Amino acid sequence: MSEAPSRLIAWVTGAGKGIGRGLAKRLAVDGWVVCASARTAADLENLAATCPAGNLHPYVLDITDPSATRGVLAAIEAEWGPPDLAILNAGTHIPVTAAHLDAEPFLRLMETNVMGTVYGMTNLLPIMQRRGSGHIAVVSSLAGYRGLPTSAAYGASKAALINMCEALRPELDAMGIKLQVINPGFVETPLTDQNDFQMPFLVSVDKATQHIMRGLASDSFEVAFPRRFAFIMKVLRILPNRLFFAVTRRMIKP
């Protein structure tokens, strides 16, 4: 191995931009050995140039390719050791409306947001089980709480991640593996830059990174932020359907 075993090792997917980039950089600055994955080599090289020398190592990866994911994790384990922390953050968003409903966005978002995360999980768990410890954080979204206009595909994929993590948490606890789900609201990233509607409680990547880092250090299963927006979404989750649809009808553009 290239590093002393005392150094903590993190694997971050979707590290080329947005939240993943912010988390990878923060961990590298904090002294972790950060193995950063993204589809675009140039994004990873740019990220590495902003980090302390020798702390961030790029691994180009398309998370929708299970064999490639298996290969990247094997390389990380061989070169640095088994990850202590994995942040499965990679994902994307495609707006969907009833007027132009099509299957392709659903296929793409399920493949990327859900199966990309599943491929990471299925390859991580045997590594962490062998060691009897580990920490996995899955980045979902507050959009997974209830169905919101234009988010039929995105929200469904994020709801699937929340449900998956809830189902796995008790068993992973028994294995000594810590599983958390990260549910951000609107974060100022290249993805949200494409939105053509007002985004309540929009936070910067730096602020999102701070929220997540605090959450990772806690024992909470869910890390949801910003607090006021998370509270509103939790209220929507328990509203009777009649009242909930009265709210969401107002979100539809005329």
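Helix H6 (205-216), strand E7 and helix H7 (227-238) each supply at least two residues to the lining of the second largest pocket. Helices (H or I, at least four residues) and strands (E, at least two) are DSSP runs, numbered from the N terminus. This is a predicted model, in which local features need pLDDT of at least 70 and side-chain atom pairs count only at pLDDT 80 or more, while totals for chains, interfaces and linings use all residues. Residues are numbered from 1 along each chain as its sequence is written, and side-chain values use heavy atoms, with hydrogens and water left out.

**Second largest pocket**

- A pocket is an open set of points on a 1 Å grid over the protein atoms alone, where a 1.4 Å probe fits, with protein on both sides within 12 Å along at least five of seven lines; lining residues have an atom within 4 Å of a point.
- The volume, the space filled by probe spheres set on the points, is about 240 Å³.
- H7 gives the largest share of the lining, 4 residues.
- Among the lining residues are His211, Arg214, Val223, Phe225, Phe231 and Lys234.
- The lining comprises 5 nonpolar, 4 polar and 3 charged residues, with Gly counted as polar and Asp, Glu, Lys and Arg as charged.

**Sheet**

- Seven strands form an open sheet in the order E3-E2-E1-E4-E5-E6-E7, with parallel pairing (at least two DSSP bridges between two strands).
- Strands E3 (56-60) and E7 (222-225) are the edges, each pairing on one side only.
- E7 pairs with strand E6 (residues 177-184) over 4 bridges in the parallel sense, and glutamate 222 in E7 is the bridge partner of valine 181.
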